[in-house]
Every structure is written in structure tokens, then in C-alpha cells.
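Hi everyone, thanks for coming. Let's take a few minutes to look at a model together.

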Amino acid sequence: NRIGERVFNLERAILTREDPRGRWFDELPEFCFTMPKVSEEANAELMVPGKDGESIAEKGTVVYREKFAQMLGEYYELRGWDKSGLQTKQKLAELDLGDIAQELAQRGLIN
């Protein structure tokens with residue numbers, strides 16, 4: 001949905017303008033990589049979808065740092081952002097947010 005994508009990118013642009021942390025802003029707290037996941041009432045074994053529709057229990061596992069970084073990069077690519085997690089002029093222009101792109105570029109926050 002184009003309207004939703006515009007809104008999401010506008011929100012991201014505001015966050016970038018106010019605190020230009022890019023990828024750092026999307027990082028998980030350190031405990032996610034070191035403390036095993038625990039049960040929750042609605043999903044005791046922390047079941048998640050796996051390959052080919054197979055269910056996988058993630059109870060007792062941690063977030064794998066390398067896999068998370070890879071997935072975050074893929075997410076940015078799907079969003080049309082750069083590898084640092086910042087939007088691109090091209091993506092913002094594509095969403096008719098060229099004026100936003102110009103402001104961020106003047107502030108040195110996007111290329």
C-alpha cells in the first residue's frame with residue numbers, strides 16, 4: 001500500500017532528522033543476543049514459522065547476531081534504503097517526498 005509506505009518513510013525521515021542514528025537505531029539491546037528466550041503464556045514453546053511451513057520452537061535460544069545483521073540489511077534493501085539504514089533521495093522521490101529528501105540532504109543526513 002503506497003499510502004502506508006509514504007507514512008512509514010515520513011516517520012523514518014522525522015526520526016532521522018531528530019536523531020540521525022540510522023542502523024544503530026534499529027539494533028536490539030545486548031541482552032537479546034545473550035539471554036535465552038523464555039516462555040510466554042500465549043506461546044509456551046515460542047513457536048515460529050520455519051522453512052516450508054514447518055514450526056520451530058525458539059524457547060531457550062538467543063537472537064543470532066550475524067543472522068540479525070543479515071536480515072536487517074535485507075530489510076533495508078527491501079525498503080529501498082541504503083546499507084546504513086538511512087533513506088535514499090531516490091526512494092523518497094519515488095514516494096513524492098522529494099521535499100523531505102531535499103531537507104535531509106541539506107542537513108547531510110542522506111546522499
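Where is V62 found? It is in the loop between β2 and α3; helices here are DSSP runs of H or I with at least four residues, strands are E runs of at least two, and both are numbered from the N terminus. Before going on, please keep in mind that this is a predicted model, where local features need pLDDT of at least 70, side-chain atom pairs count only at pLDDT 80 or more, and totals for chains, interfaces and linings use all residues. Residues are numbered from 1 along each chain as its sequence is written, and side-chain values use heavy atoms, leaving out hydrogens and water.

Back to V62. From C-alpha to C-alpha, V62 and P36 are 4.8 Å apart, although 26 residues separate them in sequence. Contact means heavy atoms within 4.5 Å. Beyond its neighbours within four places in sequence, V62 is in contact with C32, F33, T34, M35, P36 and K37.

Now T61, in the loop between β2 (55–57) and α3 (65–79). Again setting aside neighbours within four places in sequence, T61 is in contact with M35, P36 and K37. Its C-alpha atom is 9.1 Å from that of F33, 28 residues apart along the chain.

Last stop, F25, in the loop between α1 (2–18) and α2 (31–34). F25 is partly exposed too, at 35% relative accessibility. Thanks, all!

How values were computed: Buried means under 20% relative accessible area, exposed over 50%, partly exposed in between (1.4 Å probe, protein chains only).
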